[in-house]
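Try each task before you read its solution.

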Amino acid sequence: MNSALQRRQFALVATVFQVLFGVLYAVFCRYNTNAMPFGSASRVYVNTDYPLFQDIHVMVFVGFGFLMAFLKRYGFSAVTVNLMLSAFITQWATLLRGFLTQEFIESGKFTISINQLMRADMSCVVVLISMGVLLGKLTPVQFIILAFVETSLSILAEHIIFNILHVNDGGRSLVIHTFGAYFGLAVALVGHKTNVMETDSDGSIDHSDLFSMIGTLFLWIFFPSFNAAVQQPEDARHRAIMNSYIAMSSCTMVTFIVSSLADNLGRFNMLHIQSSTLAGGIAMGSVANVVLYPYHAVVVGAIAGLISVVGHVYITPKLLETKLGIFDTCGVHNLHGLPGLLSGIFSIYFVLHYEPAEYGRSVHTFYPYFAGGDLGGDRDAYSQALYQLAGIGVTLVTAITGGMITGAILRMNIWNQMDDPLNSYDTNFYGKSEFNFLNRFTEEDEVDGSDKRNSRLVVY
Amino acid sequence: MNSALQRRQFALVATVFQVLFGVLYAVFCRYNTNAMPFGSASRVYVNTDYPLFQDIHVMVFVGFGFLMAFLKRYGFSAVTVNLMLSAFITQWATLLRGFLTQEFIESGKFTISINQLMRADMSCVVVLISMGVLLGKLTPVQFIILAFVETSLSILAEHIIFNILHVNDGGRSLVIHTFGAYFGLAVALVGHKTNVMETDSDGSIDHSDLFSMIGTLFLWIFFPSFNAAVQQPEDARHRAIMNSYIAMSSCTMVTFIVSSLADNLGRFNMLHIQSSTLAGGIAMGSVANVVLYPYHAVVVGAIAGLISVVGHVYITPKLLETKLGIFDTCGVHNLHGLPGLLSGIFSIYFVLHYEPAEYGRSVHTFYPYFAGGDLGGDRDAYSQALYQLAGIGVTLVTAITGGMITGAILRMNIWNQMDDPLNSYDTNFYGKSEFNFLNRFTEEDEVDGSDKRNSRLVVY
Amino acid sequence: MNSALQRRQFALVATVFQVLFGVLYAVFCRYNTNAMPFGSASRVYVNTDYPLFQDIHVMVFVGFGFLMAFLKRYGFSAVTVNLMLSAFITQWATLLRGFLTQEFIESGKFTISINQLMRADMSCVVVLISMGVLLGKLTPVQFIILAFVETSLSILAEHIIFNILHVNDGGRSLVIHTFGAYFGLAVALVGHKTNVMETDSDGSIDHSDLFSMIGTLFLWIFFPSFNAAVQQPEDARHRAIMNSYIAMSSCTMVTFIVSSLADNLGRFNMLHIQSSTLAGGIAMGSVANVVLYPYHAVVVGAIAGLISVVGHVYITPKLLETKLGIFDTCGVHNLHGLPGLLSGIFSIYFVLHYEPAEYGRSVHTFYPYFAGGDLGGDRDAYSQALYQLAGIGVTLVTAITGGMITGAILRMNIWNQMDDPLNSYDTNFYGKSEFNFLNRFTEEDEVDGSDKRNSRLVVY
């Protein structure tokens with residue numbers, strides 16, 4: 001028998017947060033003067049960032065939503081919880097980043113414009129990656145708590161990496177992909193319980209994989225926008241687009257090749273195609289602004305595809321599942337974790353490989369503490385390489401310890417927990433809506449009085 | 001037994017209209033000189049409006065098409081009739097708006113550019129909203145007649161509201177969302193017949209709801225573009241984007257909260273998620289250019305989500321269906337009607353709330369008859385508020401009377417009518433293609449000679 | 001029993017090509033200086049072409065992928081092979097076009113920027129069109145060989161048509177749509193074998209057609225971007241957008257009308273709606289930059305819709321299938337072949353119809369050999385018309401002979417071939433993954449040791 005507190009827990013927690021957000025917006029947040037009268041906004045202003053923003057918006061809401069829709073019982077949950085969490089995170093991330101601005105420290109207010117919307121959308125990706133590990137293991141209220149904590153920690157890590165360590169992570173592969181993957185895995189490690197997936201005889205049904213391909217393809221298509229969106233100056237942004245495009249192509253070819261090699265009959269594996277084809281964009285993330293030669297992009301993409309498929313074939317079943325007991329629902333470790341780490345390693349390699357002079361004046365935009373820049377820094381390539389390494393370290397330490405603590409918090413019985421899937425094996429998601437997000441649900445709880453549409457579809 | 005006239009009615013009527021459009025284009029329509037040689041078009045010109053136009057294009061054809069695809073028997077009809085009607089309306093709306101331009105009155109010709117394509121696409125939305133009420137109740141030929149009449153009336157209402165009353169409805173919530181919803185409901189009231197949906201044991205099947213989410217998500221993502229597309233000047237357009245984005249986020253959170261509260265087990269309802277999450281963008285429409293503070297956008301979105309879900313839970317079943325006997329197929333009243341009205345009310349509130357000085361010179365773009373503008377107007381905030389109220393009135397009166405007259409026209413037996421669903425309960429949409437849009441269809445009518453592909457899939 | 005060579009053939013061939021691409025990129029390809037430090041890139045630069053590029057990117061990967069997803073057994077193959085081939089072609093096309101540049105001839109290196117990405121994406125479309133004819137007839141390794149040869153020949157034809165014959169084919173209807181369609185048909189003619197489709201009792205299942213509509217709609221929406229992307233100068237690009245938009249609308253109306261007339265009960269045929277609605281954009285391709293009056297666009301679209309549906313109803317079953325024995329899996333001849341030819345014919349008509357003076361100085365951009373241009377040409381409208389005719393001829397001759405030779409190559413037994421579908425009638429794509437791309441597959445070959453996810457889904 002569920003208590004009223006359990007049934008209303010999500011509504012209560014979400015309301016508290018939403019009211020808090022409203023109050024914080026009211027007190028601290030204003031629009032950028034470019035959005036205001038007398039501002040210098042020209043008609044071109046909106047178009048400069050807006051199309052890139054919308055590409056990322058599609059990635060967050062359609063791309064990630066449908067990418068996770070391949071699970072038999074979780075198609076709706078993936079798409080709708082994705083929407084809910086993203087709506088939550090965009091607000092919290094915007095506020096948090098505002099509090100860290102120089103403007104806020106000086107004036108007690110911060111301003112936002114389209115650039116801040118892009119960054120808020122990118123913060124959603126951190127949590128959606130972790131959700132890929134945890135889908136089927138957490139209730140909506142747990143996801144809300146997770147999103148609150150993880151967004152806070154990831155923006156803290158971002159702040160340390162960019163503003164204190166002055167690390168180059170232009171396409172955000174460290175602070176988004178690597179952070180999200182290892183945070184999620186750490187939550188799964190600590191908060192482990194048997195997942196519904198693990199008891200499913202087969203994980204997907206026919207059409208679900210086509211829905212999932214909608215997600216994959218929109219992520220694939222717009223990855224150059226993701227890696228380029230917040231890059232500066234414009235030549236770095238242009239390079240980020242080109243490098244990502246080329247790396248995606250070579251990564252895709254290598255994914256098909258290695259997937260075929262990994263099958264004893266030479267066939268392709270849909271899971272690899274749905275995820276590893278994207279690894280090239282992630283591996284390019286941290287270095288998208290610095291790679292200067294197309295063939296370097298080809299190589300980066302190829303290595304990413306190789307490592308991602310190898311991860312699916314060996315590392316996930318042999319290490320994560322068997323040794324650590326982590327069931328990574330969507331293969332996030334191979335899609336975001338390994339390629340993100342790889343991107344960090346590339347960022348060390350390329351800072352040592354290229355001559356700083358090749359970048360001209362732009363060099364101080366992505367390596368702001370290099371000797372000769374406005375910040376008065378004194379780094380050379382070698383010391384910057386050490387800072388890049390420190391960036392990987394900060395990311396992993398923050399993500400893993402933060403994830404483990406969050407996992408411990410989420411295990412607490414005050415939160416609604418998922419049913420044990422072994423006892424609800426035959427729940428029918430669509431038929432009678434018996435499957436729900438309360439932990440000790442019994443059918444008699446349902447007061448039958450809902451009209452036709454109310455019984456139509458209920459997620460979780 | 002169907003007469004040849006019945007079987008060929010759609011082709012006949014559609015041909016007459018298409019020939020008419022061709023002739024009107026030939027006699028009256030020219031391209032804008034910017035699209036012509038010697039024009040001042042720079043390479044930036046196309047990009048200024050074009051990306052926003054394409055966002056709206058996706059909303060119209062993918063967004064609305066798939067939003068209505070959740071119905072078991074009407075998935076194909078929703079998507080294809082959506083496409084057909086939109087192709088029809090873009091032509092008719094472009095012509096009609098041209099006839100109302102000063103340029104046409106002076107020279108007997110009017111010119112079009114990308115801006116006119118945006119407006120034509122927005123006119124499609126009016127009819128697609130009404131189609132959401134009427135899906136499953138009208139045959140294609142009836143939809144064509146409806147589109148012709150409704151587009152004409154909505155552009156007339158738009159002309160009165162903008163050019164005669166000088167009302168601010170920047171994101172078009174009154175002349176598009178409110179108009180489309182109440183027009184459709186009025187048609188359903190007068191032209192009522194038992195709907196296929198009402199006899200369906202359950203309205204959706206498993207995957208259909210995922211298709212529907214494709215529609216919802218693309219509408220959600222691009223709503224800022226919709227509200228901003230035709231805004232001027234650029235600071236208003238920038239605000240429209242930001243306000244819509246923030247309102248969408250808070251509305252989505254509130255939708256999940258209220259949907260959970262409305263269920264006795266605290267679960268989410270897919271119908272609410274598919275529609276009410278969009279209410280924030282609609283409620284923001286009329287005021288997207290004037291709201292100056294982010295937290296006002298948070299509040300507008302939250303109220304919209306609340307009212308929309310309450311509409312689904314109480315108003316539709318208790319008032320519309322029981323009292324008025326209107327079966328609103330897609331819940332359009334709660335998705336477009338109530339939030340649209342709400343937007344009108346906000347437009348009254350905010351004109352009184354903000355100081356005109358806060359807008360600087362932009363104020364005369366959205367309140368063109370304010371004292372001090374080029375039109376020589378003499379309004380202050382209070383009198384503008386009364387005009388905003390008049391705008392709501394004009395919208396409702398035109399939509400409801402127009403819809404009732406259209407409903408009466410569509411009931412006439414000269415048009416093909418839908419079969420009584422009670423007698424065609426077990427028609428199999430896919431199997432034998434027995435289900436069709438003729439009203440007294442008998443299977444013997446079918447002359448079997450169609451090849452494999454001809455029998456593949458037939459809509460309506 | 002399959003040999004190791006057969007099982008590893010795809011991996012081997014694909015690896016050879018990918019390594020070759022990497023080497024060629026390393027030796028010959030550099031980024032445009034605009035993407036490099038000290039370049040003149042302004043923040044506006046990226047936005048000038050990038051949004052149009054992304055529209056085409058969506059068409060290639062989502063549009064074509066899902067357009068072909070309507071086949072019962074080939075939904076996954078369509079989407080994934082589409083992705084693989086496109087990743088392959090973007091690399092090869094970029095290299096080939098680079099080798100044909102003046103820059104490469106002079107300096108031994110060529111540079112790329114976003115414009116080259118657009119052109120690479122457009123080259124994918126050539127092969128994806130041919131794939132529409134051949135889906136279900138070729139194995140992945142055969143598709144790779146096909147893509148290599150066809151991309152080479154189509155870029156050769158493009159080079160002849162643009163740089164030697166100075167033909168106007170702004171939206172690339174000749175060198176992309178016509179070439180791709182007739183190349184594919186020629187391959188099918190020579191390499192004919194019974195297709196899986198031909199033995200299928202019905203070609204599509206319920207939801208597959210909704211997936212297919214995702215493809216159709218994204219192609220429909222972004223067709224103006226496709227026809228406009230590489231147009232110059234800006235007034236031609238603007239006209240290309242407007243003309244395509246208008247032609248798409250009138251073509252869609254005519255498609256519904258003729259589809260209804262072609263059915264003895266006046267119903268619409270899903271196949272026509274999925275393909276013929278796009279014919280307007282293709283028929284407009286070659287002339288999108290030169291048509292100066294909106295009603296000409298209306299007429300072009302209407303004729304295209306008429307001819308495309310007539311092709312589906314009469315030409316495909318009566319000529320292609322019965323006389324020539326070509327089973328055109330996706331109706332490519334009516335979607336791309338006939339409308340492409342039509343576009344070539346319109347390009348002859350319009351060069352004779354309009355006065356060159358009407359275009360102002362832009363005329364030498366699309367008719368570069370007209371008297372008075374920089375190239376010192378001496379053509380008038382009449383001689384240009386003959387060159388337009390020659391352009392059609394070159395396209396058809398290259399495509400058909402190239403396709404027949406390729407078909408002969410692909411028949412060679414060194415390549416993996418599809419199983420005879422008559423012997424694998426009851427293969428279950430999803431269940432046991434028995435269906436694969438090897439030609440003499442027996443179930444005993446499968447060493448059962450794959451984990452749950454490996455057996456999840458295997459394409460081909």
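**Exercise 1: a pair along a helix**

Task: Find out how far apart Arg237(B) and Glu234(B) are along helix H10 (residues 234-262) of chain B.

Solution. Start with the sequence positions: Arg237(B) and Glu234(B) are three residues apart in helix H10 of chain B, so about one helical turn separates them. Helices here are DSSP runs of H or I with at least four residues, strands are runs of E with at least two, and both are numbered from the N terminus. Next, look at the side chains: Arg237(B) and Glu234(B) form a salt bridge, with 3.9 Å between the closest N and O atoms. A salt bridge means a side-chain nitrogen of Lys or Arg within 4 Å of a carboxyl oxygen of Asp or Glu. Finally, check accessibility: both residues, Arg237(B) and Glu234(B), are buried. Buried stands for under 20% relative accessible area, exposed for over 50%, and partly exposed for what lies in between (1.4 Å probe, protein chains only).

A word on conventions: this is a predicted model, where local features need pLDDT of at least 70 and side-chain atom pairs pLDDT 80 or more, while totals for chains, interfaces and linings use all residues. Residues are numbered from 1 along each chain as its sequence is written, chains are lettered from A and ligands numbered from 1 in the order in which they are written, and side-chain values use heavy atoms, without hydrogens and water.

**Exercise 2: Arg7(B)**

Task: Work out why Arg7(B) counts as buried, and what its side chain meets in chain C.

Solution. First, locate the residue: Arg7(B) sits in helix H1 (residues 4-28) of chain B. Then read its accessibility: Arg7(B) counts as buried because its relative accessibility is 18%. Last, a polar atom of the Arg7(B) side chain lies 3.2 Å from the backbone oxygen of Asn264(C).

**Exercise 3: chain A as a whole**

Task: How many helices and strands are there in chain A, and what share of its residues is buried?

Solution. Chain A has 16 helices and four strands. Of its 460 residues, 69% count as buried.

Notes
A polar contact is a pair of N or O atoms within 3.5 Å; within protein, one must be able to donate a hydrogen and the other to accept it, and residues adjacent in sequence count only if both atoms are side-chain atoms.
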